[in-house]
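My notes follow the display.

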Amino acid sequence: MSEAKASIDKDTVDQVAKFGGEHYKYGFTTEIDVDKIPNGLSEDIVRFISAKKEEPQWLLDWRLDAYERWKSMDEPDWAHVDYPKIDYQDLCYYAAPKSMEDGPKSLDEVNPQLLETYSKLGISLQEQEVLAGVKKIAVDAVFDSVSVGTTFREELAKDGVIFCSFSEAVQEHPELVKKYLGSVVPKSDNYFAALNSAVFSDGSFCYIPPGVKCPMELSTYFRINEANTGQFERTLVIADKGAYVSYLEGCTAPMRDENQLHAAVVELVALEDAEIKYSTVQNWYPGDKDGKGGIYNFVTKRGDCREARARISWTQVETGSAVTWKYPSCILRGDDSVGEFYSIAISNNMQQVDSGTKMLHLGKNTSSRIISKGISAGRSSNAYRGQVNVHPKAAGARNFTQCDSLLIGDKCAAHTVPYIEAKNLSAVLEHEATTSKISDDQLFFCQQRGLDPEEAVALIVNGFCRDVLQHLPMEFAVEAQKLVGISLEGSVG
Amino acid sequence: MSALLNIDNLQAGIDGTPILNGLSLSIQPGEVHAIMGPNGSGKSTLSYVLSGKDGYEVSGGDMMFEGQSLADMAPEERAIAGLFLAFQYPLEIPGVTNMTFLKTSLNAILRGRGEDEMDAASFLRLAREKSRALGMNDEMLKRQLNVGFSGGEKKRNEILQMAMLEPKLAILDETDSGLDIDALKTVAEGLNALRAPDRGMLVITHYQRLLDFIKPDVVHVMAAGRIVKSGGPELALELEKSGYAEYVGETVNA
Ligand SMILES: Nc1ncnc2c1ncn2[C@@H]1O[C@H](COP(=O)(O)OP(=O)(O)OP(=O)(O)O)[C@@H](O)[C@H]1O
Ligand SMILES: [Mg+2]
């Protein structure tokens, strides 16, 4: 390769570096008194967490069972990722701001430092008057191991919508928690899900009663602050018959040199004619450009279209984390149910992504749609892993999969690993895949029109992601577009 | 008063291969110059070197734009300074609408000049007006940049970008090839509308046809990386008749 060519590639790579670790805006730390238990994992720790939350016996038993199973399981090694062995005895499994010691408080009493932390992150925990024309968003803010506040609860309650921290749900709606917890992701589903089931400390809970269209966007904002602390939260969203909810999730963490583990579980249940849209903008600290530090994001997300005509749609914008292992999936159990997965996964520097989805067709005339856009830059590795599975009874099942990879520079890698299994002859499955590079000619064209190389890359990447960005709720699209490094797409036309 | 563009003894190449071998050319504000010349003589190379495409090495000579040397400027700085290149082969950018591209481009240039960006409403009005003048319907603005455009539509789209950006110097690299007769007229009208006392154009073409519509002040013949003859509009007519034989032989081993 000529020197000139090498320098072009290098420039491009540098520009893209700016989307990654070097310009991580959310890397600050909050100095706050915390209540933190010693490192290590044992039955006693599981009991401690459960006792801290004053949980009923059935839940403690559930956790202990998960812990027993986890001990006999092996960490999965099939993913296209490579990281040093995690010492599970060297992690802290519970850290909470001291001010939260006496349990959740009303919003007025939340520690001002926490409010400030969230406002620096662009998240308002105040229910101030919202400007005309701007939609309200209810937020549940999870800081390390606990939920520190949930907004608009009373207003939502008027419609019968329950939106609160997981801990509160266990106290106030034990029947719902008991009925649905682990019903989508069984506690021994996989290594990380089992670990989460044993030690999860908090998370968000949401129930939309029959026929109710949730009047505002719901969101959870995850923040890992403490060093050497894992975050194990659990989200459970239930849309009863004919209900609708759009749920958003955002995540950030301080820049730290050591890796931190985030092993969450999200379960969605959609009953007859219900619809859940679940969107994620994942911006965990990705580590520095040499791969030092960053979050291990090992997450199990699954939705169950439990009854007829249920719809679940996952949209994710994954830009952060050192290592991502994540496959938001849909079980299409109800006849005519629909599952969707729209994903943008950006990897840069030394980041590693192994992400995708599973669409499990069990009911008749079920359909699923997968659009995945992987962008790799730097020396990163980006794998799409997708499974489409059609059960013998799933007559008339349909799937459409489109899986596009964009490479920036020549030291990164993209992999596509589709698994397709159809046990019913009437299934119609389509799969399209492309791999492309940002060409020097495209970059030059943009520069000739006045864009600096960084803007040029942002514009081209934005165009590449368009099909997915369109599926994000307006409120999140802005953040996502900025994250992808974009200013204008969608503002006209 | 300094020339809009003054190229003096320019030598440039790519990957160690010399392509421009001592090219000189001067354009005054308000002038339209045409460059004609056989395939491979270096016309597109000249346009790339002027606009700063990576990979082209300038090994000698000067390129001055309004008295400022272009050599050390990044491509986008040249664009902001008012240099525009209509590409011989316009690029596609999937997923980015024509409208978004135009707006991003215009605002980047305004920003680069320290001016305010254009608000959405004024931009939309301007884009519609300019595209209609070029016989393009509003649907074209919503389509992805050049994706699935016919050859002629792509060329027309280049002129739309030029009309929006109102550059001081426009280099048009074979903008006429691939245009049907009516499109050629529309595009030429668009170009004529942009003729102004403070603006210059360098029109690269193989055909006299375009020059019937846009009357050039000067016609240059380029061969083997140099301007080998310059004259008035009649030179183009001559070339049409007798071809380049006379010039090609003369410059071998130049
Ligand atoms: N990247 C490159 N590497 C080596 N040689 C090149 C490169 N690009 C162009 N050339 C050569 O430089 C010469 C000039 O090419 P250029 O495209 O400038 O010609 P042109 O006058 O525009 O021709 P046309 O009329 O066909 O458009 C040609 O011989 C071409 O093969
Ligand atoms: Mg050419």
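**Chain A overview.** I started with burial: 63% of the 493 residues of chain A count as buried. Buried here means under 20% relative accessible area, exposed means over 50%, and partly exposed lies in between, with a 1.4 Å probe and protein chains only. This is a predicted model, where local features need pLDDT of at least 70 and side-chain atom pairs count only at pLDDT 80 or more, while totals for chains, interfaces and linings use all residues. Residues are numbered from 1 along each chain as written, chains are lettered from A and ligands numbered from 1 in written order, and side-chain values use heavy atoms, without hydrogens or water.

I then looked up the secondary structure. Chain A has 11 helices and 23 strands. Both are DSSP runs numbered from the N terminus: helices are H or I with at least four residues, strands E with at least two. I also checked contacts, meaning heavy atoms within 4.5 Å. In chain A, 84% of the contacts with a separation of 6 or more join residues 24 or more positions apart.

**Cores.** A nonpolar core is a set of buried Ala, Val, Leu, Ile, Met, Phe, Trp, Tyr and Cys residues joined through side-chain atoms within 4.5 Å. The largest has 65 residues, and Ile375(A), Val461(A), Leu46(B) and Leu50(B) touch the most other members. Helix α10 (residues 453-469) of chain A gives the most to this core, with nine residues. I listed the partners of Val461(A), leaving out residues up to four places away in sequence: Ile375(A), Leu406(A), Ile408(A), Ile438(A) and Val484(A).

**Cavities.** On a 1 Å grid over the protein atoms alone, a cavity is a set of points where a 1.4 Å probe fits but cannot get out; lining residues have an atom within 4 Å of a point. Points are joined across faces, edges and corners, and a volume is the space filled by probe spheres set on them. I count five cavities of 30 Å³ or more.

Ser368(A) lies in strand β19 of chain A. Is Ser368(A) buried or exposed? It counts as buried, at 6% relative accessibility. Its contacts include Leu332(A), Met359(A) and Phe400(A). Asn365(A) sits in the loop between β18 and β19. Asn365(A) has a positive phi of about 50° although it is not a glycine, and is partly exposed at 44% relative accessible area.

**Helix α6 of chain B.** Of its 15 residues, 13 are buried. Just after α6(B), Glu166(B) takes a positive phi of about 40°.

Key
1 Å grid on protein atoms, 1.4 Å probe; cavity = no way out; pocket = protein on both sides within 12 Å on 5 of 7 lines; lining within 4 Å.
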